[in-house]
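Open the structure in your viewer and keep the selection panel at hand. Each stop below says what to pick next and what is there.

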Amino acid sequence: MKKLMLGNQAVARGLYEAGCRFVSSYPGTPSTEITEQAALYDEIYAEWAPNEKVAAESAVGASLAGARSFCAMKHVGFNVAADPLFTASYIGVNAGMVVCVADDPGMHSSQNEQDSRHYAIAAKLPMLEPSDSGECAAFVGEAYKISEAYDTPVVLRTCTRVAHSQSLVELHERDEKALKPYERNPQKYVAAPANAVKRHIEVEKRMLALSELAETTGLNREEMGDTAIGFVTSGTCYLYVKEAFPNASVFKLGLVNPLPVKRLRDFADKVDRLIVVEELDGIIERHLRMNGIRVDGGKDLFGLLGELSQNKIRAAMGEALPKFAAYDEAVPGRPPVMCPGCPHRGLFTVLSKLKLTVLGDIGCYTLGSGAPLNAVDSVLCMGASIGMAHGYTKMLGEEAAHKSVAVIGDSTFMHSGITGVVNLAYNKSIATVLVLDNSITGMTGHQQNPTTGLTLQNEPTYPIRIEDVCRAAGIERVRVVDPQDMAATEAAIKEELSADAPSVIIVRRPCQLLKYVKAKPPLAIDKDKCKGCRSCMKIGCPAIRFTDEGGDPEGMPSREATAASHSGGLRRGASKASIDPTICVGCGLCEQMCKFGAFIKPEEKEAR
Amino acid sequence: MSTTSIMIVGVGGQGTLLASKLLGNVLLGQGYDVKLSEVHGMSQRGGSVVTYVRYGDKVYSPIVDQGEADIILSFEILESARWISYLREGGMLLTNTQKTWPMPVITGAAAYPENIVEKLSAMADVTAVDALALAEQAGSAKAVNVVLIGVLSRRMDIPEEAWLKAIEETVPAKFLEMNKKAFELGRNAR
């Protein structure tokens with residue numbers, strides 16, 4: 001039976017079919033759905049870990065216990081998990097262990113576009129790279145076989161276009177695996193120097209054996225066609241090559257670490273021009289050149305940046321591109337924004353007003369960096385806000401500390417903010433940290449986390465209180481505010497900024513998109529009271545707009561009005577606020593901004 | 001048959017993903033090889049969203065490039081202007097006339113272009129439909145996606161029953177009648 005499946009769903013199917021019993025991950029686009037989908041199989045124990053390091057360690061433990069285990073992460077998550085995984089390479093596995101890492105070339109939702117293949121090389125781990133959903137499911141099974149045959153964790157590398165594309169998957173029965181007995185073996189599992197010295201020899205032997213496998217495995221295949229051009233490629237690039245050059249010869253790599261030598265040399269000998277097509281870094285190309293295999297085109301043609309596509313390949317190869325006509329006028333961008341009713345909006349309006357230096361973090365609240373709030377100074381990685389605020393205030397002193405804050409979400413705080421807070425207390429910082437607790441992991445699409453009181457399966461569990469964690473870490477000034485009350489939020493921030501001690505303000509209100517958060521009726525505008533001052537526009541709510549009083553029938557401001565408001569309000573008052581009732585959730589933040597009482601609640605509207 | 005490429009474009013929150021899921025199921029039922037590609041995450045927060053749907057005997061690339069789309073089904077008129085370069089010569093643009101302001105227009109940093117439908121009509125074969133009005137007529141503004149699927153269905157060589165079956169399998173039972181009505185209104189829109 002064949003089914004249309006998302007790449008991530010297919011990875012989960014592959015886990016089920018391969019008899020995997022244990023999955024632990026931290027959510028991260030584009031890897032998140034694997035773990036959510038795996039949790040739907042009763043045979044698999046699946047959980048959200050607080051971060052990728054804990055997830056990877058848990059998977060190593062489950063493997064030691066004799067269960068086929070798994071963890072998924074986005075590319076930057078591998079940085080967090082790298083510590084256990086580099087040494088897991090030395091101690092090997094008991095039952096098979098697979099780690100999926102999802103790269104994001106083009107940075108659809110990431111802070112960098114690092115190429116995870118470097119990790120496989122550096123950690124000396126075999127890496128498989130599927131091209132579509134069918135291969136996602138099949139390669140998981142192959143990965144477990146390699147893991148157990150070669151005593152090593154195996155990395156499965158996807159990218160956004162594989163993880164978030166749907167294609168057909170052939171479904172198979174589950175191959176149930178009994179727990180493999182755990183046998184005590186400190187020489188193998190205790191990575192102390194004396195043992196690790198010997199294990200390193202095993203690692204190098206293993207890599208040699210895997211190089212042999214690369215020469216024979218069906219994961220790598222040669223598709224001979226027209227021999228004028230031969231492409232060496234893998235993953236999603238294979239599909240782009242086949243799309244652009246359906247008749248060319250292709251060497252498709254499924255095992256991308258270690259790479260074969262002999263087979264690639266044979267292939268190179270059979271074609272006139274050898275072209276390497278890979279996104280991001282030139283890893284296959286370097287391998288070929290290092291082994292003295294001729295390369296006629298690679299990174300010089302395709303570059304190091306972003307995603308490739310069939311047209312990019314056509315263009316680089318000098319082929320004609322399909323004709324098209326572009327719109328001949330500037331089309332305004334449509335960047336993602338905080339949703340109507342987003343609890344972060346009130347806080348960022350206050351931060352913007354106070355003109356603070358905001359050391360930001362990873363999550364929906366990164367959107368506070370966009371216009372018109374423009375309230376974020378830096379975003380680095382998960383948890384960095386707190387460490388950066390510490391270094392920043394240590395160097396610039398009290399005055400800077402009174403004008404800067406770290407901003408971090410609840411899930412990110414649990415992921416890697418806690419050690420930052422410990423450092424604040426330990427090293428006598430006076431930094432102020434705002435923990436934005438919206439009761440969910442938001443940006444990745446609503447995953448539970450240790451503060452929400454629910455597991456991945458939505459079963460009740462111990463809800464860790466951020467305030468308790470901060471107090472236990474040595475922070476004495478801990479308080480909670482509701483960002484919907486902007487005056488109270490502002491007062492609390494001012495007070496904590498002026499304190500000569502580290503402080504944490506928990507800015508708490510659940511995400512508006514949570515099912516239990518009910519929308520209120522939309523507000524309306526009293527056109528007589530609206531003075532057109534645009535104060536309400538400072539909050540950056542997509543439901544509020546300014547329409548020309550002259551009255552475009554579709555409510556669009558005229559070019560003149562737009563130009564006037566843009567150039568500082570030559571026609572101040574000429575246009576007035578209006579509310580899009582289809583998206584307004586009645587949060588009332590705009591009402592707090594208005595000095596003229598122009599925003600009316602539905603009941604007031606009826607009373608009039 | 002060679003591969004056919006359809007793009008579904010719109011604004012995060014408009015229900016483009018359900019439309020692509022529905023279309024994917026219809027095509028699968030017709031025995032085609034099908035690939036769908038979408039981007040999750042950041043783009044859902046009111047940003048510009050695009051889904052690629054490709055089908056035929058054997059589909060390779062999951063994405064559609066400039067000048068390659070046979071049909072663009074657009075949920076918002078500014079998005080039609082944004083993505084029109086992806087339409088192939090002789091391709092069809094099926095667009096909702098609904099306007100949703102992006103943040104740069106809301107803040108006054110940019111103007112929402114005027115007369116987009118007229119300009120696009122001079123560039124390509126355009127069918128413009130007020131899908132929001134039809135959805136409201138069917139009973140819910142949220143049915144814009146099913147109205148537009150109806151518009152698309154008229155331009156594809158697939159029996160109506162196949163579309164209705166896919167709708168039955170995709171939408172919750174209590175909204176089925178409303179969605180069927182939305183589909184018919186879209187299918188019969190001129």
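Predicted model: local features only at pLDDT ≥ 70, side-chain atom pairs only at ≥ 80, totals over all residues.

**Stop 1: chain B as a whole**

Trace chain B along its sequence. The order is β-α-β-β-β-α-β-α-α-β-α-α-α-α. The radius of gyration of chain B is 16 Å, close to the 16 Å that the globule rule gives for 190 residues, so chain B is as compact as a globular protein of that length. Its C-alpha trace spans about 45 × 40 × 35 Å along the principal axes. Of the 190 residues, 59% count as buried. Now look at contacts in chain B between residues at least 6 apart in sequence: 66% of them join residues at least 24 apart.

**Stop 2: where the chains meet**

Show both chains. Chain A puts 51 residues into the contact, and chain B puts in 52 residues. On chain A, select α7 (160-163), β8 (165-170), α10 (235-244), α14 (310-316) and α21 (559-566); each supplies at least two residues of the side that touches chain B. Colour that side of chain A by class: 24 residues are nonpolar, 18 are polar and nine are charged.

Zoom in on β8(A). This strand pairs with strand β2 of chain B (residues 33-38), antiparallel, over two bridges. Pick A:Ser165, and its bridge partner in β2(B) is B:Ser37.

**Stop 3: the nonpolar cores**

Which residues have the most contacts inside the largest nonpolar core? Select A:Leu15, A:Val140, B:Met7 and B:Val147. The core they belong to has 223 residues. Helix α6 of chain A (residues 133-150) gives the most to this core, with eight residues.

Stay with B:Met7. Beyond its neighbours within four places in sequence, B:Met7 is in contact with B:Val50, B:Tyr52, B:Val64, B:Ala69, B:Ile72, B:Trp83 and B:Tyr86. A second, separate core has 18 residues, among them A:Leu523, A:Ala543, A:Phe546 and A:Cys584.

**Stop 4: helix α3 of chain A**

Select residues 52-64 of chain A. This helix has 13 residues and reaches 18 Å from first C-alpha to last, close to the 18 Å expected at 1.5 Å a residue. Its buried residues include A:Val54, A:Ala55, A:Ala59 and A:Val60, and also A:Glu52 and A:Lys53. Among the elements of chain A that cover the buried residues of α3(A) are β2 (22-25), β4 (69-74), α4 (75-91) and β5 (97-103). Just after the helix, A:Gly66 takes a positive phi of about 100°.

**Stop 5: helix α12 of chain A**

Move to residues 283-290 of chain A. Buried here are A:Ile283, A:Ile284, A:Glu285, A:His287 and A:Leu288. They pack against α5 (117-123), β10 (226-234), β11 (248-253), α11 (262-270), β13 (273-277) and α13 (299-302) of chain A. Just after α12(A), A:Gly292 takes a positive phi of about 70°.

**Stop 6: A:Leu436**

Is A:Leu436 buried or exposed? Select it in strand β16 of chain A (residues 432-437). A:Leu436 counts as buried because it has 27 C-beta neighbours inside 10 Å, where 20 or more are required. Leaving out residues up to four places away in sequence, A:Leu436 touches A:His344, A:Leu347, A:Tyr365, A:Val407, A:Ile408, A:Gly409, A:Asp410 and A:Val507. Finish with a distance: the C-alpha atoms of A:Leu436 and A:Asp410 are separated by 5.9 Å, although the two residues are 26 apart along the chain.

Definitions and conventions
Residues numbered from 1 in each chain as written. Chains lettered and ligands numbered in written order. Core = buried A, V, L, I, M, F, W, Y, C linked by C-beta atoms within 7 Å. Buried ≥ 20, exposed ≤ 12 C-beta atoms within 10 Å, placed from the backbone. Helix = DSSP H or I, 4+ residues; strand = E, 2+ residues; numbered from the N terminus. Contact = placed C-beta atoms within 7 Å. Expected span 1.5 Å × (residues − 1). Rg over C-alpha atoms; globule rule 2.2 N^0.38 Å. Nonpolar A, V, L, I, M, F, W, Y, C, P; charged D, E, K, R; others polar. Pairing = 2+ DSSP bridges.
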